[in-house]
Amino acid sequence: MKFVNTLLPLAAISSAFVLPDEQMTNQIVLESQKEPSFFDKLQGNVEELWEGVEESFKNAVAFSENALDNAYNAANDAAQQAKGTFECHMSMTKFDMVGWLDTAMETLDGIDVFEPPKHPPHKPPHHRKPPHHGHGGPHHKSNKTIYQLISSSKYTTKLAELINEYPDLVETLNGTAANYTLFAPTDKAFEKIPKGHKKPSKELIKKVLAYHLSPDFYPAGRIVTSHTIPTALGEDKLGGEPQRLRVGLGLLKGLNINFYSKIIAVNIFGSNGVIHGVDSIILPPPEALKIISFLPTEFSTLQLGLEKTGLFEAITSSPHEGGTIFAPSNLAFKKLGPRINAFLFSKYGEKYLKALLKYHVVANQTLYSDAFYKAKSVDSVRCHGREEFGEEDIPKGYFHVDLPTLLDEKSLSIDVARYGGFISMKINGFSRVAVQDGIARDGVIHVVSSVLIPPKTPGGKEEEVEEEVEMELEEFKERLIPYFEDEL
């Protein structure tokens, strides 16, 4: 798979900004400095596009007393068996590697979320409909709670049976402490569990159930503009922060969660939240380094480097509360050229390799494209001039944070630009994240299509170079020598 410098996440396409194949090809070929910016292309017609999206969701929702059953009846349950997916029913973990990597898309010239708009926003015409309120627009709400809707539906009998084993969960789904969001697996979803499989412990099942529930209100309109969603599952390896779900959208899978669980019914509103039906049980993800080891076709060079330098064992065994890995693909290492690669994996270059890989790992701080967890044991992190902020405070628009790495806490300068569901991430002012938000039990993985090399000057930015131009070995060594010159 070819990684690219700009990511247009599949979740963002759900905003109905879709280019036909021929038009997309023309965009890629076209090279004009006068090309309108990303904002200019979308400004003025976003509202119309969203009206179409909301209308399509509305058609899939029934508003009777049996709303959940009616929504399932209307859904087309045509999910295909996922390929390239790791699934362990013993540990109740799952990760769809291919689905995650497939969120990388080709670069579209002239579309850069980091570009500021060239013109002020257009005012809506007078004939426009009144704006919708809230994330999901106007909706009809049942007088039943989420629990009552689940327990009375013929499609979620198995889910209801499991929930009934946990009185505190029943109380939560019947309560009004928050507007919850439940991703409810159908009975058919439970049939996908291999026959003869030993039933997990009650504690493990409760964690899986909590992973289907978000304490926040996520109607369909909000889901499609989100990359990740917080759940009720507090993860110890994230410092107790909520484990997150990953939103995906594909031509075959449609709107989905974690790339393998298709949303087949949306916006079944109860008196205390909303239900979305899914066709597969959603299992929490495994650890980050385990995910990397599952993908030798993309990360075999990185995996070899981590094992050769002892970093794989060191990171795995060390206590940490979350973390962020910027994972270079095999293609990224190939861009370094044969001389640098031969040197890095020789006995003389091992110290350089270790320093280089440390520069890609951030411990105890988990930066998703739309949320940020900072471990409680970490000193304050500055961003936008503020010392402290919560995960919900990551603003739309532009966001900057400096993340200290394992390389003597040398920081990576991260810029995030967000417009609707489109999110771009830049590292050190130039390098782009090619694939965002590989959700892991102990953090998050972002794939980078170029190996990150410390700038020449402290706090400096990486220099933009042509992909065909390889860095000289001597310059490469000069960039890394300062971090272990006392050992030479």
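**Close-up views of a predicted model**

**View 1. Buried residues of helix α19.** In helix α19 (residues 473-480) of this predicted model, the buried residues are L473, F476, R479 and L480. They lie on the same side of α19, because the arc they cover around the axis is only 120°. The packing partners of these buried residues are α17 (338-344) and α18 (350-358).

View 2. Strand β10 spans residues 323-328, and six of its six residues are buried, so the strand is largely enclosed by the rest of the structure. G323, I325 and A327 point one way from β10, while T324, F326 and P328 point the other way. Both sets are buried.

**View 3. Pairing of β10 with β11 and β18.** Strand β11 (residues 361-363) runs antiparallel to β10 and is joined to it by three bridges. Within β11, V362 is the bridge partner of T324. Strand β18 (residues 443-448) runs parallel to β10, and five bridges join the two. Here I325 has I445 of β18 as its bridge partner.

**View 4. Salt bridge between K199 and E165.** The structure holds eight salt bridges, one of which is formed by the side chains of K199 and E165, at 3.8 Å from N to O. This pair links distant parts of the chain, 34 residues apart. K199 sits in the loop between α10 (187-190) and α11 (202-210), and E165 in the loop between α8 (157-164) and α9 (167-174). K199 is exposed, with a relative accessible area of 55%, whereas E165 is partly exposed, at 31%.

**View 5. Salt bridge between R441 and E235.** The side chains of R441 and E235 meet at 3.3 Å, N to O, in a salt bridge. R441 belongs to the loop between β17 (431-440) and β18, and E235 to the loop between β5 (228-234) and β6 (242-250). The two residues are 206 residues apart and link distant parts of the chain. R441 has a relative accessible area of 29% and is therefore partly exposed. E235 has a relative accessible area of 8%, which means that E235 is buried.

View 6. A salt bridge of 3.1 Å, N to O, joins the side chains of E287 and R441. E287 lies in the loop between β9 (273-278) and α13 (288-293), and R441 in the loop between β17 and β18, so this pair ties together parts that are 154 residues apart in sequence. Through salt bridges that share partners, E235, E287 and R441 form one network.

Terms used: Residues are numbered from 1 along each chain as its sequence is written. This is a predicted model: local features need pLDDT of at least 70, side-chain atom pairs count only at pLDDT 80 or more; totals for chains, interfaces and linings use all residues. Side-chain values use heavy atoms; hydrogens and water are left out. Buried means under 20% relative accessible area, exposed over 50%, partly exposed in between (1.4 Å probe, protein chains only). Helices (H or I, at least four residues) and strands (E, at least two) are DSSP runs, numbered from the N terminus. The arc is that of the directions from the helix axis to the C-beta atoms. Contact means heavy atoms within 4.5 Å. Two strands pair if DSSP finds at least two bridges between them. A salt bridge is a side-chain nitrogen of Lys or Arg within 4 Å of a carboxyl oxygen of Asp or Glu.
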